[in-house]
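This report describes the pockets of one protein model and the packing of some of its helices. Please keep the sequence and the structure in view while reading.

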Amino acid sequence: MATRSRGKEGSDDRLFGDPKMQSKIREAIKDMSYLLSRGFSEKSSLPLVGNRYKLNNRQQRAVQGMSEANHKLEKRAENCLQPNQLAEKEVMLDGFNVLIMLESALSSAYLFKGLDGCYRDLSSVHGTYKKVKQTPEAIQLIANFLQENKVKKATWIFDKPVSNSGRLKTMLREFADKNQLNWEIILDNNPDKLIAESGKIAISSDAWVLDNATTWCNMVRHIVDEHIPQKNVVESE
């Protein structure tokens with residue numbers, strides 16, 4: 001049984017928990033989003049804003065995930081479906097994205113609410129996915145959400161090159177069979193492209209997926225807000 005968590009790092013309370021620091025981050029998001037809306041690249045805008053507000057690399061990554069150009073925010077809002085619109089529909093889950101986000105939320109790691117309303121975190125698989133003690137609860141929360149909203153079929157997509165993705169597929173398959181869930185689990189070399197081009201409802205907070213999918217649902221946000229009362233959230237505005 002896994003004993004590790006996907007919690008916050010030792011410096012995170014100082015970097016993100018202090019109200020003055022959160023205010024500085026919100027100002028940085030305003031500047032970053034303004035530059036993006038004016039057509040400046042993310043690559044050139046982020047260090048410029050980061051230097052102005054004296055943000056370290058971890059804080060800059062948070063600002064990057066919370067900022068966005070206005071035209072992209074408008075498009076995402078137009079294409080976003082509410083949970084009650086999922087009945088009898090098929091969804092495509094960005095597997096590592098949604099699972100790691102919920103594991104982080106359950107571990108009291110900091111979540112960063114983007115201007116598009118999506119929660120993001122600073123965790124990543126670094127080529128290897130490692131199960132944590134919150135993994136079973138995260139999977140159960142997702143299963144409950146899909147059942148409560150009468151989703152017809154859920155297809156999980158995972159990045160095939162990531163180590164242990166095969167073990168995770170087996171675990172989800174066994175969970176689905178045990179609970180008689182209509183789930184399909186796929187390992188793919190380019191999961192973002194597969195999800196975006198499927199024509200089905202995307203479940204993700206990945207910016208590229210949201211910008212290229214036909215429709216999407218902010219599942220993680222709904223689950224976290226409704227079922228994880230103890231959470232650390234940094235607001236973008």
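A pocket here is an open set of points on a 1 Å grid over the protein atoms alone, places where a 1.4 Å probe fits, with protein on both sides within 12 Å along at least five of seven lines, and its lining residues have an atom within 4 Å of a point. A volume is the space filled by probe spheres set on the points, which are joined across faces, edges and corners. The model is predicted, with local features needing pLDDT of at least 70 and side-chain atom pairs counted only at pLDDT 80 or more, while totals for chains, interfaces and linings use all residues. Residues are numbered from 1 along each chain as its sequence is written, and side-chain values use heavy atoms, leaving out hydrogens and water.

The largest pocket has a volume of about 920 Å³. It is lined by 37 residues, among which Asn97, Arg120, Ser205, Asp206 and Ala207 are the closest to its centre. Helices (H or I, at least four residues) and strands (E, at least two) are DSSP runs numbered from the N terminus. At least two lining residues of the largest pocket come from each of helix 4 (57–66), helix 5 (70–79), helix 6 (95–106), strand 5 (153–159), helix 9 (191–196) and helix 10 (207–212), and helix 4 gives the most, with five residues.

The second largest pocket holds about 240 Å³ of space. Of the 16 residues that line it, Gly7, Glu9, Arg58, Leu122 and Ser123 lie nearest its centre, and helix 4 and strand 3 (110–113) are the elements that give two or more residues to this lining.

**Helix packing**

Helix 2 (residues 19–37) and helix 4 pack at an angle of about 50°, with their axes 9 Å apart, where axes are lines fitted to C-alpha atoms over the stretch in contact and angles run from 0 to 180 degrees between N-to-C directions. Contact, meaning heavy atoms within 4.5 Å, is made by Met21, Ile25, Ala28, Ile29 and Met32 of helix 2 and by Gln59, Val63 and Met66 of helix 4. These residues divide into seven nonpolar, one polar and no charged.

Helix 6 and helix 7 (residues 135–148) pack at an angle of about 115°, with their axes 9 Å apart.

Methods. Ala, Val, Leu, Ile, Met, Phe, Trp, Tyr, Cys and Pro count as nonpolar, Asp, Glu, Lys and Arg as charged, and the others, Gly among them, as polar.
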